[in-house]
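Work through the exercises below with the sequence and the model side by side. Try each task before you read its solution.

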Amino acid sequence: MKKFLLAAFSIIVAAGVFAQDVSTGSVVRRRGPGDRPGAKETTPGVTQRMQSHFEETPKDESELQWMRVMYRQLDLTKDANGALYYPDEPVEGQENLFRIIMGRMADGQLGAYEYLDGREVFTDAYKVKMRDVLDRFHILYTDAKGSTEKNPRFVIEESDVPASEVLSYYIIEKWEFDRRSNRMRTRVEAICPVLHRSGDFGGEAVKYPMFWVKYDELRPFLSTQNIFTDDDNNLATCTYDDFFQLGLYEGDIYKTRNLKNKSLMQLHPDPDDLAHARDSIQQRLDSYEKKLWVPSLEELAERREAAEKAAALAEGQNSGDETAVGQADEKPARSARASRSKRGSDRSKATKSKPAKVKKPKAPKSSGSSGATRSVRNRRR
């Protein structure tokens with residue numbers, strides 16, 4: 001009986017507490033990650049767990065055997081980079097890269113760093129304020145509801161975002177060879193939007209680099225935006241993050257990290273020398289990993305055939321013989337096939353042919369009237 005009374009009393013107390021919570025309008029719920037002190041607010045589609053997944057752990061450079069830092073310029077007028085520009089206006093929830101960057105910066109979820117012509121420093125001392133960026137590039141805005149001086153937020157109308165004027169990007173690209181995995185990897189460290197604006201009297205557009213954004217901080221937002229990169233397939237088969245991770249972009253190298261801290265244009269003023277330097281740097285990057293390993297027999301044969309082909313082409317061009325130039329493509333393969341068939345035919349002949357019979361010399365016929373057996377009688381005569 002006592003147990004029954006205690007159970008009934010506990011049920012009544014619990015019901016009273018629930019009624020009190022309902023009357024005061026409070027709702028009891030489980031504490032989530034966003035309720036933790038210092039937790040970052042996330043946008044729809046980007047959870048705290050996703051942000052922690054994409055946060056890049058600091059790399060220990062002692063694990064790297066080799067590294068090269070490249071600065072590239074991505075021209076958005078090229079077809080390969082068109083996915084970063086189109087659509088210039090939001091269509092069915094799809095935005096281009098610059099609108100994603102500006103939207104996250106206006107919400108206070110993404111930081112930016114000062115563009116320093118020469119050296120880039122990604123520390124808090126070189127962080128830029130969003131209000132200063134908007135004022136510097138004459139972008140209209142209003143303060144968002146709940147904006148404070150410590151945590152400012154802004155509202156930018158879609159028509160006021162200069163997405164159509166951002167016609168290129170600067171990216172910092174790192175080529176690294178990891179000694180633990182024995183693999184070469186390429187990753188983007190930072191992105192800089194570049195405005196192309198003409199003066200009041202027209203003329204050639206002037207480039208205005210705006211700011212640097214660290215790719216690791218931008219990556220969670222890029223992984224939620226699907227894009228399509230091929231006109232033959234209108235399905236959005238990859239994201240902005242896939243676009244950069246797979247290296248689907250095309251860009252010219254305009255600077256490499258060097259002791260003098262000079263760009264390639266400063267080191268090579270002549271346009272032909274500049275183009276040659278860019279091709280040479282790209283070729284060294286592509287062939288660095290191949291030089292680390294001993295080539296196989298197949299690779300050596302391919303290199304030998306390529307060298308023979310190049311020598312035949314050079315010989316044909318120097319002599320002016322059109323037939324030599326035309327037959328240069330077939331010469332290495334034909335010589336290789338001929339050598340293999342010759343060796344095979346020699347082996348087959350050696351196994352099938354019988355040894356030739358050696359003819360014995362015939363013995364000289366003996367004659368009765370030999371000069372050595374003449375009689376003395378005849379010689380006297």
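## Exercise 1: the nonpolar cores

The largest nonpolar core has 43 residues, and Leu97, Phe211 and Phe244 touch the most other members. A nonpolar core is a set of buried Ala, Val, Leu, Ile, Met, Phe, Trp, Tyr and Cys residues joined through side-chain atoms within 4.5 Å. Buried means under 20% relative accessible area, exposed over 50%, and partly exposed in between (1.4 Å probe, protein chains only).

Before you start, note that this is a predicted model: local features need pLDDT of at least 70, side-chain atom pairs count only at pLDDT 80 or more, and totals for chains, interfaces and linings use all residues. Residues are numbered from 1 along each chain as its sequence is written, and side-chain values use heavy atoms, with hydrogens and water left out.

**Task.** Find which elements give two or more residues to this core.

**Solution.** 
- Step 1. Mark the elements: helices (H or I, at least four residues) and strands (E, at least two) are DSSP runs, numbered from the N terminus.
- Step 2. The elements that give two or more residues to this core are H3, H4, E4, E5, H5 and helix H6 (240-245).
- Step 3. H3 gives the most, with 7 residues.
- Step 4. Take Phe244 and set aside its neighbours within four places in sequence. Its contacts (heavy atoms within 4.5 Å) are then Leu74, Leu84, Leu97, Val188, Ile191, Tyr215, Leu222 and Tyr249.
- Step 5. Another core, of 12 residues, lies apart from this one; Tyr113, Val194, Trp212 and Tyr254 are among its members.

## Exercise 2: helix H5

**Task.** How many of the 8 residues of helix H5 (residues 215-222) are buried?

**Solution.** 
- Step 1. The count is 6 of 8, which leaves the helix mostly covered.
- Step 2. The buried residues are Tyr215, Leu218, Arg219, Pro220, Phe221 and Leu222.

## Exercise 3: aromatic pairs

**Task.** Classify two ring pairs, Tyr71 with Tyr254 and Tyr115 with Trp212.

**Solution.** 
- Step 1. Set the rule. Rings of Phe, Tyr and Trp (its six-membered ring) pair if their centres lie within 6.5 Å; planes under 30 degrees apart count as stacked, over 60 as edge-to-face and the rest as tilted.
- Step 2. The whole structure holds 12 aromatic pairs.
- Step 3. Tyr71 and Tyr254 have ring centres 6.0 Å apart and planes at 65°, so this pair is edge-to-face.
- Step 4. Tyr71 lies in strand E1 (residues 64-75) and Tyr254 in strand E10 (residues 252-256), so the pair ties together parts 183 residues apart in sequence. Both Tyr71 and Tyr254 are buried.
- Step 5. Tyr115 and Trp212 are stacked, at 5.9 Å centre to centre with 25° between the planes.
- Step 6. Tyr115 is in the loop between helix H3 (97-106) and helix H4 (130-136), and Trp212 is in the loop between strand E6 (202-209) and strand E7 (213-214), so this pair ties together parts 97 residues apart in sequence. Tyr115 and Trp212 are buried.
- Step 7. Join the pairs: Tyr71, Tyr115, Tyr170, Trp212 and Tyr254 are linked into a cluster.
- Step 8. The charged end of Lys255 sits over the ring of Tyr71, 5.0 Å from its centre. The rule here is NZ of Lys or CZ of Arg within 6 Å of the ring centre and within 35 degrees of the ring normal.

## Exercise 4: salt bridges

**Solution.** 
- Step 1. A salt bridge is a side-chain nitrogen of Lys or Arg within 4 Å of a carboxyl oxygen of Asp or Glu. The count comes to 10.
- Step 2. Lys174 and Glu189 form a bridge at 3.7 Å, N to O. Lys174 lies in strand E4 (residues 166-178) and Glu189 in strand E5 (residues 183-199), so the bridge ties together parts 15 residues apart in sequence. Both are buried.
- Step 3. Glu89 and Arg99 form a bridge at 3.4 Å, N to O.

## Exercise 5: Glu176

**Solution.** 
- Step 1. Glu176 is in strand E4 and is buried, with a relative accessible area of 1%.
- Step 2. Salt bridges with shared partners join Glu176, Arg185 and Arg187 into one network.
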